[in-house]
Amino acid sequence: MNTQTTTQPLVKAVKRVAWGTIIFLVALNVIDLLISLGIVIIQRNSNMIEGLKTVSTTNGGAYMIAGIIGVGLVLTKTNQTERHQIFTARKTVITWQAITGIILMLFVFQLGAEFFGTIVEAGLKPLGFSALAEMQNASQTGIRSVSMMVYGGICAPLFEEIIFRGFVFRKLQPFGVKFALIISSLLFACAHGNLIQSPFAFATGMLLGLVAYRYGLKWAIVTHIINNLGLSIGLQLLSQKITWIPFLTVGLAVIGLIGFILVGIRPLINWWRQNRIQDHFLAIAFRQLPILIILAYGIALALGGIQHR
């Protein structure tokens, strides 16, 4: 693939997926805000700010409506061929061994996120700051109400996979699988906008991208639901009643890490080396305005989550 002849299509594709991501994020946040504001007004809450905070963290219905509209707005900008590719493209049939390996890697990422959070917190503490409160707030959102559980566990994975592994990844795939993985995972991480959670979201996005590439979008959605509904929400609820759940989580993460080192790391390294990114593709992508806007959005949210102790 000649860089000179693909620069213009590349720029067009990068701008399209980035603006699509922005449309989705704006719709998700603005429509949720408007619905939440309407609920607060109807309830005649005397403290509107506190009312908005309460509604936005407990009413999953507003996010569901906002997510449907956001995804719909993005998909209306695609043609029938592109939509067919988003929902049906796959390379091979998934096996139970692959499913087991994928789930164990999710446990590894969960443990990695906790370890990374401990390091970040240790670095911020001497400076008088903390990032754990925002992380804990984000992780507990899914268990605050049934509607938030449904949204966080099922709807959010569905919406995010359609956007990031469907629309973004598939549109960029012609320019290289590795390039599409990196950009789609980066946009996914920025959308989470949390100093501790974003690196975990990037790693998870890479895994979900590989699942979508090899097995199809359906299995990326299933994997994401397992992560959110099972590993995040489900284990949180179980750990409140069963004391040994955290030890089980660590044990499965260790098994997953050992399995990855023994079985998965060499094939992954070989595949990564074989799928090279064309010269300057990432540099070109990071010079595009919508990409810079999303990066600034993610950084602003991450820094905004740091609180003074």
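**Overall size.** I began with the radius of gyration, taken over C-alpha atoms. With 309 residues, a compact globule would come near 19 Å, and the chain has 20 Å, which agrees. The globule rule I used is 2.2 Å times the number of residues to the power 0.38. I then looked up the extent of the C-alpha trace, which spans about 60 × 45 × 40 Å along its principal axes.

**Ground rules.** I note that this is a predicted model, where local features need pLDDT of at least 70, side-chain atom pairs count only at pLDDT 80 or more, and totals for chains, interfaces and linings use all residues. I number residues from 1 along each chain as its sequence is written, and side-chain values use heavy atoms, with hydrogens and water left out.

**Secondary structure and packing.** I find 13 helices and two strands in the chain; these are DSSP runs numbered from the N terminus (helices H or I, at least four residues; strands E, at least two). Of the 309 residues, 44% count as buried, meaning under 20% relative accessible area, with exposed over 50% and partly exposed in between (1.4 Å probe, protein chains only). I also checked contacts (heavy atoms within 4.5 Å): among those between residues at least 6 apart in sequence, 80% join residues at least 24 apart.

**Charges.** I see 23 positive and 9 negative side chains, with the centres of the two sets 10 Å apart. Lys and Arg count as positive, Asp and Glu as negative, while His and the chain ends are not counted. I placed each charge at NZ of Lys, CZ of Arg, CG of Asp or CD of Glu.

**Glu-82.** I found this residue in helix H4 (residues 80-88). Glu-82 has a relative accessible area of 15%, so I log it as buried. Leaving aside neighbours within four places in sequence, Glu-82 is in contact with Arg-16, Lys-77 and Lys-171. With Lys-171 there is a side-chain polar contact of 3.0 Å; the term means a pair of N or O atoms within 3.5 Å, where within protein one must be able to donate a hydrogen and the other to accept it, and residues adjacent in sequence count only if both atoms are side-chain atoms.

**Helix H10.** I looked up two residues here. Asn-227 lies in this helix and counts as buried because its relative accessibility is 6%. Leu-237 also lies in H10 (residues 217-239), but is partly exposed at 32%. Beyond four places in sequence, I find Asn-227 touching Leu-106, Gln-110, Phe-200 and Ser-232, and Leu-237 in contact with Ile-143 and Met-149.
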